[in-house]
Amino acid sequence: MTVLTWQKQSNIENSIKKFIDAQISSESLQLLNQSGVATDVTCVIGQRVNKNWNLPIIQVYSDSKTTERLEIGSNNRLDDYLVIVECRTLLSGQERNLAEWVENAINDGMTYYEYSVTVGDPDNPTETDSGHIRIDFVSSNPVSLGDDIDLFDKYRYRTTIRCSLT
Amino acid sequence: MTTRVKIIKASPGSLVFDVNKFVLPLANIHLERAANFTVQEMQDQITASIQRPGSTGNLANSIFSERISDKSIGVGKISFLDENAKYWKAINYGSSHMVGRRMPFGTFAPGLATPDAGSFRTGRFYAGQSQGGSMYSPVVKRPIQAHNYIERTQAQLPNIVERAMK
């Protein structure tokens with residue numbers, strides 16, 4: 001029996017989260033809430049909205065990948081991974097500021113880690129430095145879904161990036 | 001090192017004349033091909049992400065290209081989508097605004113008018129319709145998950161342009 005280790009999409013998601021977490025921590029990044037109290041920014045992985053999230057958050061997930069043949073006559077592939085980064089905040093305008101901070105932070109890419117699952121302790125996988133994630137920005141837009149919407153959707157900013165491994 | 005480049009013209013006319021006669025029409029053909037491929041790609045992405053049977057195909061069919069100027073063609077007319085497929089944003093970006101709210105009375109089909117858990121993603125809810133006189137008003141439990149068909153299409157643009165140039 002073989003326990004499938006995390007593949008590249010999961011590794012990329014977690015490498016980006018690790019990098020953003022480190023940046024948040026080094027700058028002690030916070031945003032004000034509705035009461036004017038400074039609130040920690042957290043980075044989460046996953047596409048599905050979770051009602052237990054505490055805004056403001058930076059949501060990261062890998063959506064899909066594109067695979068091109070590297071050269072004619074070879075089965076070597078050039079894989080690109082489409083990653084969505086959504087900033088969801090409590091107050092209007094914060095989402096744009098947070099997105100800009102994220103875009104500046106990840107601009108130079110980050111270390112790519114390979115994670116191997118620890119049997120019996122899946123929450124603490126072993127990580128290995130395995131290269132670099134190169135970032136290309138695909139889109140950067142606020143998400144406006146109207147006025148009568150949930151707080152999670154109210155102040156959203158979506159940055160789409162294309163990641164490749166070097 | 002200095003390199004001299006000599007432009008050898010096939011006809012004795014001016015270079016501007018040749019550009020207008022040969023290069024611009026070719027560029028125009030490539031532009032139209034790229035626009036058509038982009039429309040096809042976006043429609044394919046929408047169709048591929050449909051999760052329940054019985055889709056009318058309205059969103060995919062609402063995506064078309066339109067010439068904006070001599071040198072540009074737009075894909076996906078927002079004013080048309082806002083009018084004819086109002087849910088285009090919610091499908092692309094995801095939305096949790098209906099979670100916890102009660103939908104208008106209607107019926108689920110195919111299957112029982114009031115479905116059980118086994119009917120997950122096997123049919124659709126039709127508001128305002130009844131089945132054998134039976135109607136119900138469900139409470140929305142899950143958010144609409146982001147399908148990201150715009151971003152997935154954007155990620156394919158390098159391939160689309162390459163195909164259009166062939």
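**Notes on the predicted model: chains A and B**

1. Let's start with H1(A). This helix covers residues 8-27 of chain A, 20 residues in total, and runs 28 Å from its first C-alpha to its last, close to the 28 Å expected at 1.5 Å a residue. Keep in mind while reading that this is a predicted model.

2. Which residues of H1(A) are buried? There is a run from Asn11(A) through Ile12(A), Glu13(A), Asn14(A) and Ser15(A) to Ile16(A), and then Phe19(A) and Ile20(A) complete the list.

3. On to chain B, and its overall dimensions. For 166 residues, a compact globule would come out with a radius of gyration near 15 Å, but chain B has 24 Å. The spans of its C-alpha trace along the principal axes are about 80 × 35 × 25 Å. As for burial, 20% of the 166 residues of chain B count as buried.

4. What does the secondary structure of chain B come to? The count is 6 helices and 4 strands. In sequence order they follow α-α-β-β-α-α-β-β-α-α. On contacts, take those in chain B with a separation of 6 or more: 59% of them are between residues 24 or more positions apart.

5. Now the interface between the chains. How many residues of chain A are in contact with chain B? It's 22 residues of chain A, against 17 residues of chain B. On the chain A side, the elements giving two or more residues are strands E4 (57-69), E5 (77-88), E7 (126-143) and E8 (156-165), plus helix H3 (151-154). E4(A) supplies the largest share of that side, with 4 residues. Sorted by class, the side of chain A that touches chain B has 8 nonpolar, 5 polar and 9 charged residues.

Methods:
Residues numbered from 1 in each chain as written. Chains lettered and ligands numbered in written order. Predicted model: local features only at pLDDT ≥ 70, side-chain atom pairs only at ≥ 80, totals over all residues. Expected span 1.5 Å × (residues − 1). Buried ≥ 20, exposed ≤ 12 C-beta atoms within 10 Å, placed from the backbone. Rg over C-alpha atoms; globule rule 2.2 N^0.38 Å. Contact = placed C-beta atoms within 7 Å. Nonpolar A, V, L, I, M, F, W, Y, C, P; charged D, E, K, R; others polar.
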